[in-house]
Amino acid sequence: MLKMLSRAVTTAVRISTSTMSSTGALHPLARSALCSPNSGTIRPFTRSLWMMSNNGAASGYRPKLFGSKGPSPVSCECVSLHTEGDKAFGDFLSDETKEEKKIQKSKTLPKMSGGWELEQNGTEAKLLRTLSGEKVTVTFNINNSVPPNFEEEAEQVQGQKSAESEPDIVSTPNFVVEVTKPAAKHSLVFDCHYPEDEVSHGEGEEESDIFSIREVSFQPEGDGEWKETSYTLNTESLDWALYDHLMDFLADRGVDNTFADELIELSTAMEHQEYVKFLEDLSGFIKCN
């Protein structure tokens, strides 16, 4: 009886051990997937790629990350992108350049009276003059020198603008006058500009000034940057008598109303010349010439 009971218990233990071993062998991958710390990030990422492909589920949602339609290309020998919009843009630039060349008064720049010599470097220009040993240099840049026409904008809003009444574009740049004496260590520098309204500083003055002095300072000779460590005299709160003497000082060296008028003509011609050149360069860039 005891032998039969012992055999039954032994058989039951063997069956239980065999069942547990077979269960562990059937599901090792499932267990590792559930216990893996990266399983929570791998599945959603794989799913999102599957949803973005064209062979995914039958759902109607398809993000257009890999199948977005770009601009319609135009055949060209170069490897750059060209579109129908680029072609229309290039045609417009060609017509605009032709129209601007028609209204261009002269291909050569006007000369300044008074013996001024012109040195041009792109949009920057220098006018130089030597008078009894003194060297006078006037520097200006045509960038941002065309003031906005608010009257024209108002007419456009009201619909009153006509082709005949379109105003001429005039360049009125700020300019810096540098006066250098042979024995001096520093140059006397004037920061000048064209005010919106002509200014008058005297009651009996017959002719008003078309330009004004904004600041005056002593600066190292030939230094291209204005040193803030040098004292700068602002003319907004300056005594009128001192201001008039400063204006007379410039006039004696050839920087007067006549000079300012001619500078406007020169700057306007330079600005239009550079504008036409910019249109040509832009057209060549768009057309890949």
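Here are a few numbered notes on how this predicted model is put together.

1. Overall make-up. The protein has seven helices and seven strands. Going along the sequence, these elements come in the pattern α-α-α-α-β-β-β-α-β-β-β-β-α-α. Of its 289 residues, 24% are buried. If you look at contacts with a separation of 6 or more, 56% of them link residues 24 or more positions apart.

2. The sheet. The seven strands make an open, antiparallel sheet, and their order is simply β1-β2-β3-β4-β5-β6-β7. At the edges sit β1 (117-121) and β7 (232-234), each of which pairs on one side only. On average, neighbouring strands are turned by 20 degrees against each other, with direction ignored.

3. Strand β2 (residues 124-131) runs antiparallel to strand β3 (residues 134-141), with eight bridges between the pair.

4. On through β4 and β5. Strand β4 (residues 175-180) pairs with β3 in the antiparallel sense over six bridges, and Val136 has Val179 of β4 as its bridge partner. β4 also pairs with strand β5 (residues 186-193), again antiparallel, this time over five bridges. Here Glu178 is opposite Val189 in β5.

5. Helices on the sheet. Where do α6 and α7 sit? Helix α6 (residues 240-251) lies across β4, β5, β6 (212-220) and β7, and runs at about 70 degrees to β6. Helix α7 packs on the sheet too, touching β1, β2, β3 and β4, with its direction at about 45 degrees to that of β3.

6. The α4/α7 pair. The axes of helix α4 (residues 84-102) and helix α7 (residues 257-287) come within 9 Å and cross at roughly 155 degrees. Angles over 145 degrees count as roughly antiparallel, so that is how α4 runs relative to α7. The crossing of α4 past α7 is left-handed.

7. On the α4 side, the contact residues include Phe89, Leu93, Thr97 and Lys101. From α7, they include His272, Tyr275, Leu279, Ile286 and Lys287. Sorted by class, the contact of α4 with α7 has seven nonpolar, five polar and seven charged residues. Among the charged ones are Asp86, Asp91, Glu96 and Glu100 of α4, along with Glu280 of α7.

Notes: Residues are numbered from 1 along each chain as its sequence is written. This is a predicted model: local features need pLDDT of at least 70, side-chain atom pairs count only at pLDDT 80 or more; totals for chains, interfaces and linings use all residues. Side-chain values use heavy atoms; hydrogens and water are left out. Axes are lines fitted to C-alpha atoms, for helices over the stretch in contact, and angles run from 0 to 180 degrees between N-to-C directions. Helices (H or I, at least four residues) and strands (E, at least two) are DSSP runs, numbered from the N terminus. Angles under 35 degrees count as roughly parallel, over 145 as roughly antiparallel, 65 to 115 as roughly perpendicular and the rest as oblique. A crossing is left-handed if the near helix is turned anticlockwise from the far one by less than a right angle, and right-handed if clockwise. Contact means heavy atoms within 4.5 Å. Two strands pair if DSSP finds at least two bridges between them. Buried means under 20% relative accessible area, exposed over 50%, partly exposed in between (1.4 Å probe, protein chains only).
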